[in-house]
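Reader: I would like to go through this structure with you. Could we begin with how its helices pack?
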Amino acid sequence: MAPKREAGMKIKRINLALQGGGAHGAFSWGVLDRLLEDERIEISAITGASAGAMNAVALADGLAEGCRDEARAALRGFWDAVCDAARASPLRRTVFDVARGGWSLDNSPSYIMFDLISRLASPYDLNPFKLNPLRDLVMEVIDFERVRSCAVQLFISATNVETGRTQVFNHKELTADHIMASACLPHIFRAVEIDGVPYWDGGYMGNPPLWPLFDHSPADDVIIVQINPFTRAGVPTSARDILNRLNEITFNASLLRELRAVDFVTRLLDQGRLEGTGYRRVHAHMIEDEETLSSLGASSKMNAEHAFIEMLFEKGRAVTDAWLLEHFDDVGERSSLNIRRLFMCEEDALDGFRIDREAIFRNDPARQEKATASRANPPKPATNEDKSGKKSA
């Protein structure tokens, strides 16, 4: 049973960063459902891309009146609608995959044909009437007036086709077009134009973007819901697996860059180099299940069968339940995510070669004078020393 809010209970405010990943977004739904169940946690802001953007607006729609149960119902209503729409889809598992308990569509004749055609022809060739069933579903299920009135801040990313830059939309302006722009995979959908500007999937340049949370949310804790695996053992050899791994690396690249920036600022804060600058400390956390999600093929991102969606939902809830037991006390106090290990795998191999520079504080004239004198009289170059202790020039 999740803790309920009681008088005097300390409420912890968090930001959520929701990745995109097609049907795998149902894992994030499970995470959100479990977090909403815990009344010790209050969501301040959400940033999302693609499927993460859809989860975000569904949550905001239900949370517009401040009711957690309505938010949970709205999320379930969205995913139930996705499953209902998928019943008529030819993209389904074969009877052999169902018997083996596999979730991939790799052996589905319809999926193989769809995959082949999408590589040979563009949606401009195949969809002259601009049909988009996903947009119709979002319009039917999501009340965007409620989304725009929600107290939780939303930041939805899309990729500007012409400039290659990230465009972030806030919840005050969101419509179905903004969500479709964020989820626009260019080999499946035509670019979505908003005010004359064409956009593709937000995952290419911000999956999801973190920087809006640093400048616009009062909460210092960011929980990243990770659904695109960072690591995958072995070298892909088939054309499909190579493309899948390339997409995973691409869709994680922007997140890794932003996390590296968070780590850099944190180290500067720890060293006292940013005193008086207004930079803030960010506590980074991550809820993920790489074991489950890395075992799923890329084609399963298009599998919206009810059994698969429910499996991912339950996985998301279970992982979040375990995360809360282990890391709830970290929220508001410290990061539970080892960022450096995430982007370096181990400690930075260049640590031993870092130049040690003394920080100069604007409010400490003595330090400034010492640093100025040091620059005027630099030390003589030191000799190198090999492992045997011998010196070399």
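Predicted model: local features only at pLDDT ≥ 70, side-chain atom pairs only at ≥ 80, totals over all residues.

Reader: Understood. What is the handedness of the crossing of α3 and α7?
Author: The crossing of α3 past α7 is right-handed. The axes of helix α3 (residues 68-86) and helix α7 (residues 133-141) come within 10 Å, with a crossing angle of roughly 145°.

Reader: Which residues in α3 and α7 meet there?
Author: From α3 there are Gly77, Phe78, Ala81, Val82 and Ala85, and these meet Leu137, Val138 and Val141 of α7. By class, the residues of this contact are seven nonpolar, one polar and no charged.

Reader: Turning to charges, how many salt bridges does the count come to?
Author: The count comes to 28 salt bridges. One of them pairs Arg72 with Glu37, whose closest N and O atoms are 3.4 Å apart.

Reader: Which parts does that pair tie together?
Author: Arg72 lies in helix α3 and Glu37 in helix α1 (residues 25-37), so the pair links parts 35 residues apart in sequence.

Reader: Now the surface. Which residues make the nonpolar patch?
Author: Met113, Leu116, Ile117, Leu120 and Leu126 make a nonpolar surface patch of about 510 Å².

Reader: And which helix gives the most to the nonpolar patch?
Author: Helix α5 (residues 109-120) does, contributing four residues. Leu126, by contrast, is located in helix α6 (residues 123-126).

Conventions. Residues numbered from 1 in each chain as written. Heavy atoms only, no water. Patch = residues over 30% accessible without salt bridge, like charges linked within 9 Å, V, L, I, M, F, W, Y side chains within 5 Å. Areas by Shrake-Rupley, 256 points an atom, 1.4 Å probe, with all protein chains shown as cover. Salt bridge = Lys/Arg side-chain N within 4 Å of Asp/Glu carboxyl O. Helix = DSSP H or I, 4+ residues; strand = E, 2+ residues; numbered from the N terminus. Axes fitted to C-alpha atoms, helices over the stretch in contact; angles between N-to-C directions. Left-handed = near helix turned anticlockwise from the far one by under 90°. Contact = heavy atoms within 4.5 Å. Nonpolar A, V, L, I, M, F, W, Y, C, P; charged D, E, K, R; others polar.
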